[in-house]
Amino acid sequence: MFSPSTRCPPLQMDYLGPPFDNPDFDPPRLNRTEAIPSATLEVSAWRNLGDQRRLTENLRAYTLLLRCLGDVDRELTNPTLRLTFQHFCASIRGLTISISGLVTSLGYPAPTLLPPAHLARGLAPAPSDFLKKLDHFWLMRELQGWLLRSAKDFNRLKKRLGGFVTHLDYRRP
């Protein structure tokens, strides 16, 4: 099975504390986060994806993940952490805009990006701190999976398009 990330590296989850920092921790997925699309696919299914579907899945996933990340942002009280998190979300938003531009430039129709009705406003408030932490665990795990899958998707797309892809270098000479 093609799984960009089946487990988060232990160092990345240390700050969450037990049981989240245990590398074997695999909690059940709550109803509130199960609508977030998984980046995991069978290898054969991933290889057979067309460019349009590949880009559309990335765009839909990041659109929904950004909505859920907005909920996390509203819960942060530490100003430094919040600023760093907002910068991270701006980077994900930029990635989403870039994917959308790529879809348009390749002549594909713009996909419908409506989220499932129960996630239209992001995640519903969790009834306890532990359930909120569990939601955030799954949200970050899926985001990590999508970032890794996207890197593989875009490398594959670059190989397929060959000369159509131009490298832009914004560094000053």
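**Close-up views of a helical chain**

From the N terminus on, the elements of this chain run α-α-α-α-α. That is five helices and zero strands, and the model you are looking at is predicted.

**View 1. The whole chain, before we zoom in.** The chain has 173 residues, and 38% of them are buried. Take the contacts between residues at least 6 apart in sequence: 84% of these join residues at least 24 apart. Keep that in mind as you trace the chain in the views that follow.

**View 2. Helix α3 packs against helix α5.** Two packed helices are described by the angle between their axes and the distance between the axes. Here, α3 covers residues 51–75 and α5 covers residues 129–161. Their axes lie 10 Å apart, at an angle of about 150°. Because an angle over 145 degrees counts as roughly antiparallel, α3 is roughly antiparallel to α5. The crossing of these two helices is left-handed. What kinds of residues form the contact of α3 with α5? They divide into 14 nonpolar, three polar and ten charged.

**View 3. Helix α4 packs against helix α5.** This pair has an angle of about 35° between α4 and α5, and the axes are 13 Å apart. The crossing of α4 and α5 is left-handed. On the α4 side, look for Phe85, Phe88, Ile92, Leu95, Ile99 and Leu102. They meet Met140, Leu143, Leu147, Phe154 and Leu157 in α5. By class, the contact of α4 with α5 has eleven nonpolar residues, with no polar and no charged ones.

**View 4. The largest nonpolar core.** In soluble globular proteins, nonpolar side chains tend to be buried together. The largest nonpolar core in this model holds 23 residues. Which of its members touch the most others? They are Tyr62, Leu65, Leu69 and Leu139. Helices α3, α4 (79–105) and α5 each supply at least two residues of this core. Among the contributors, α3 gives the most, with ten residues.

**View 5. A closer look at Leu65, and then a second core.** Which residues does Leu65 touch, once those up to four places away in sequence are left out? The answer is Ile36, Leu139, Glu142, Leu143 and Trp146. Now move to a second, separate core, made of six residues. Its members include Phe20, Leu134, Phe137 and Trp138.

How values were computed:
Residues are numbered from 1 along each chain as its sequence is written. This is a predicted model: local features need pLDDT of at least 70, side-chain atom pairs count only at pLDDT 80 or more; totals for chains, interfaces and linings use all residues. Side-chain values use heavy atoms; hydrogens and water are left out. Axes are lines fitted to C-alpha atoms, for helices over the stretch in contact, and angles run from 0 to 180 degrees between N-to-C directions. Helices (H or I, at least four residues) and strands (E, at least two) are DSSP runs, numbered from the N terminus. Angles under 35 degrees count as roughly parallel, over 145 as roughly antiparallel, 65 to 115 as roughly perpendicular and the rest as oblique. A crossing is left-handed if the near helix is turned anticlockwise from the far one by less than a right angle, and right-handed if clockwise. Ala, Val, Leu, Ile, Met, Phe, Trp, Tyr, Cys and Pro count as nonpolar, Asp, Glu, Lys and Arg as charged, and the others, Gly among them, as polar. A nonpolar core is a set of buried Ala, Val, Leu, Ile, Met, Phe, Trp, Tyr and Cys residues joined through side-chain atoms within 4.5 Å. Buried means under 20% relative accessible area, exposed over 50%, partly exposed in between (1.4 Å probe, protein chains only). Contact means heavy atoms within 4.5 Å.
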